[in-house]
Amino acid sequence: MADVVVVGGGLGGLSAAIHLAVAGHHVELFEAANRLGGKAGVVELDGLALDTGPSLLTLPHVFEELFEAAGSSLQDHLELTRPQPAFRYVFPDGVLDLHEDLDASAASVRATLGARAEREYRDFLDYARRLWEAAGPPFVYGPRPAPFDALAKLPVVLRIDALRTMRQAIRGRVKTRELRWVFERFATYNGSDPSRAPATLNCIAHVELGLGGYGVRGGVHTLVRALQTLCHHTGVRIHLSTPVERLLRNKGRVVGVVAGQERHFDAVVVNANISHLARDLLPAPHRLESPKEPSTSGWNAIVRVPIQADRVGHSVIFPRDYEQEFEDLFDREHPPRDPAVYLCAPRVCHAQSWEDAEPVFVMANAPAVKGRPEYGALRERVLSQVPNAEVLWERTPVEL
């Protein structure tokens, strides 16, 4: 048994704390904010608790295994939903609906974009599946490889298409413009440029379109509450509004944290942005170099709109020139002049809504913050895609 501190109460920190407690360790979790969840945020508006972060759950078996490890079950705490269609992509001259079933999605692609597009869609998802099957075990579910282990995995590196970019791989297989846009958009899930990110990340298409995306009844923040309950049942001590100022080191190893006072532990788990760890938490002589290229940010809002019977749970409205968005974000480093807009309707995903109106979460990508950027034009352009919207809450990239 060991005394362990977990720094940060995001989903990763909560999961680590629960697993460590189940293994018999004494675990304390320090969170700087006054609530748990990290990026899985929530805000209360007109009596509704609404997500301000992730709106889609993938790989639910990971959570099922966590709940089972704690002697419970996911089904006892949460109800997962599968809204249909799963996604709606709105192009300048057409609309494509994708479903949880591959054949249904392929049929929709054929009806909307033609027979060649259907073949490309099936072929690309088969390629994305092979990437995931090769990359998942060693790089997602396995421990971080040591340098020599990575060399031993060279055959795997070749199978996961790591020597090409996402865009090169997509355009080598897909000629239909609209499908290229759908697949290239997955690069933005982790703030990347498809013309620079490794083709390995094309596995995201399989994770979302092949394995499926789920809604959580009540909203993703209900998952955070469920994990908090597991922490309580497994004996994790949670300290909210308790920022960790720095880590303590002694004789070459981390031995605790400073959080108002020095607190000593046998082990420290940090669930925070790598730049925060590198710049702020490590003692001055041992600080690491921060990542040179931060990922993209975003402009978010929650709006109140009239209820629309045919609204789908998740939709993306593409501009006329989607490639220009990536040039604006990564080459010019300014907010896109004509952004793709993501919309999430919690009502359709069986979360909360009002009787006479519904909330919609709105998001557009923006570059990493440098200097004092102006977001008025981006805000105006995004809201123009949501008729009759009343803005209830918004967050600029600076605030994010």
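Visitor: How do you know that strand β11 and β12 pair, and in which sense, parallel or antiparallel?

Guide: This is a predicted model, in which local features need pLDDT of at least 70, side-chain atom pairs count only at pLDDT 80 or more, and totals for chains, interfaces and linings use all residues. Residues are numbered from 1 along each chain as its sequence is written, and side-chain values use heavy atoms, with hydrogens and water left out. Strands are DSSP runs of E with at least two residues, and helices are runs of H or I with at least four, numbered from the N terminus. Two strands pair if DSSP finds at least two bridges between them. Strand β11 (residues 253–258) and β12 have three bridges, in the antiparallel sense. In this pair, V257 stands opposite R263 of β12.

Visitor: What makes β10 and β12 the edges of their sheet?

Guide: The open sheet has three strands in the order β10-β11-β12, with antiparallel pairing. β10 (246–250) and β12 (262–264) each have a single partner strand, so one side of each lacks a neighbour in the sheet. From one strand to the next, the twist averages 40°; such angles run from 0 to 180 degrees between N-to-C directions, and axes are lines fitted to C-alpha atoms, for helices over the stretch in contact.

Visitor: Which strands form the sheet with parallel pairing, and in what order?

Guide: Four strands form this open sheet, in the order β9-β2-β1-β13. Its edges are β9 (237–239) and β13 (267–270), because each has a single partner strand. The twist here averages 20° from one strand to the next. Strand β1 (residues 3–7) is joined to β13 by four bridges in the parallel sense, and V5 has V268 as its bridge partner in β13.

Visitor: Which strands does helix α1 lie across?

Guide: Helix α1 (residues 11–22) lies across β1, β2 (26–30) and β13, and runs at about 165° to β2. Contact means heavy atoms within 4.5 Å.

Visitor: Where does α5 bend?

Guide: A bend is the angle between axes fitted to the seven residues ending at a residue and the seven starting there. In α5 this angle is about 30° at A134, and the proline P137 follows within four residues.

Visitor: Why is D46 called exposed, and why is D161 called buried?

Guide: Buried means under 20% relative accessible area, exposed over 50%, and partly exposed in between (1.4 Å probe, protein chains only). D46 has 53% and is therefore exposed, whereas D161 has 13% and is therefore buried. D46 is in the loop between β3 (42–45) and β4 (48–51), and D161 is in the loop between α7 (154–159) and α8 (166–173). Although not a glycine, D46 has a positive phi of about 50°; D161, also not a glycine, has a positive phi near 60°.

Visitor: How many disulfides does the structure hold?

Guide: A disulfide is a pair of cysteine sulfur atoms within 2.5 Å, and the structure holds zero. C203, at 11% relative accessibility, counts as buried, and so does C231 at 0%.
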